[in-house]
Amino acid sequence: MLMLFPFILTLASPQRLCFTKKLSLLDGRSQSVGTSRRISGTVRSSGNIPDLIEFLAPKKLRRLMGDAADSKGNLRYFAYGSNLCDDVFKQARQLSPATEQRAVVKGYRLTFPAPSAASLRPEVSDEVHGIVYGGLSRGDFVRLWMSEGGNSFYDVDIVTATIYNTSRTVSTLTLVEKTSLLGDVFKSLSGRFPENSPSGWYIDTIRRGAREKGLNTSWVLKLDLIDSTEIRTARALLDLILPQNKDSS
């Protein structure tokens, strides 16, 4: 998680700054005031009164959120990395989705542009499994987007997810591989790590989340077969050492 500015971090914390009849900074123990309501320990705006943090989003993101919103103005988010874990998405990020649905997104593959970052890259023949969280406010999604580095590391896109055990599809927001100059710089800085080479603790977190959510067994097995950076590094060292041992024998 990238820490950007103290002001943004204040807005992104569980203390939610909302429009009320009188603007107030409410903490998780406060009773609802004016037009705000407390949901699962967090304060969220209701009705047509927006969360102030929404206005920190760039125009493109606000437009995407508008396109992706359901009839009630709520958003869906497709999670495929560490956000599968409740202790990350619900506790650390303080987000309270109204619904959770296991789903698969076709036409993308899971990549790791850095040891502690997962992303989606277009790949016609591939697919990625995860969870569609529903009932999120625009402010919720902006907080999530900022906690993931904002525009620095990811693009936001609308993808089609097929819900498990049904033929039903839903449109959902998700984070995909950055295609801009900043994304290229980020990838070049992480170029010393092999592609698709997450750190051990990070891939273990994703595996744990996939199992917690009951994702497809074949997908969990695929995650189990992904080598961590530590394993690849050890193999590379062995490749350097073993030929020398053979020569010396």
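Reply: Let's start with burial: a residue is buried under 20% relative accessible area, exposed over 50%, and partly exposed in between (1.4 Å probe, protein chains only). Keep in mind that this is a predicted model, where local features need pLDDT of at least 70, side-chain atom pairs count only at pLDDT 80 or more, and totals for chains, interfaces and linings use all residues. Residues are numbered from 1 along each chain as its sequence is written, and side-chain values use heavy atoms, with hydrogens and water left out.

Me: How do the axes of H6 and H7 cross?

Reply: Axes are lines fitted to C-alpha atoms, for helices over the stretch in contact, and angles between N-to-C directions run from 0 to 180 degrees. For H6 (residues 200–212) and H7 (residues 217–224), the axes come within 10 Å and cross at roughly 170°. Under 35 degrees is roughly parallel, over 145 roughly antiparallel, 65 to 115 roughly perpendicular, and the rest oblique. H6 and H7 are therefore roughly antiparallel to each other. On the H6 side, the contact is made by Ile203, Ile206, Arg207, Ala210 and Arg211, and on the H7 side by Val220, Leu223 and Asp224. By class, that contact has 5 nonpolar, no polar and 3 charged residues. For the classes, Ala, Val, Leu, Ile, Met, Phe, Trp, Tyr, Cys and Pro are nonpolar, Asp, Glu, Lys and Arg are charged, and the others, Gly among them, are polar.

Me: Now H2. Which of its residues are buried?

Reply: In H2 (residues 59–68), Leu61, Leu64, Met65 and Ala68 are buried. They span an arc of only 100° around the axis, which puts them on the same side of H2. The face turned away from it carries exposed Lys59, Arg63 and Asp67. Packed against the buried residues are strand S5 (75–79), helix H4 (138–147), strand S8 (154–163) and strand S9 (169–177).

Me: At what angle do H2 and H4 pack?

Reply: About 135°, with their axes 11 Å apart. That makes H2 oblique to H4. The contact comes from Leu61, Arg62, Met65 and Gly66 of H2, plus Arg138, Phe141, Val142 and Trp145 of H4. Its residues divide into 5 nonpolar, 1 polar and 2 charged. H4 also holds Gly139, which counts as buried at 1% relative accessibility.

Me: Last one: what is the phi of Gln94?

Reply: Most residues other than glycine have a negative phi. Gln94 isn't a glycine, yet has a positive phi of about 60°. Gln94 sits in the loop between helix H3 (86–92) and S6, and at 23% relative accessibility it counts as partly exposed. Asn165 also has a positive phi, near 60°. Asn165 lies in the loop between S8 and S9 and counts as exposed at 77% relative accessibility.

Conventions:
Helix = DSSP H or I, 4+ residues; strand = E, 2+ residues; numbered from the N terminus. Arc of directions from axis to C-beta. Contact = heavy atoms within 4.5 Å.
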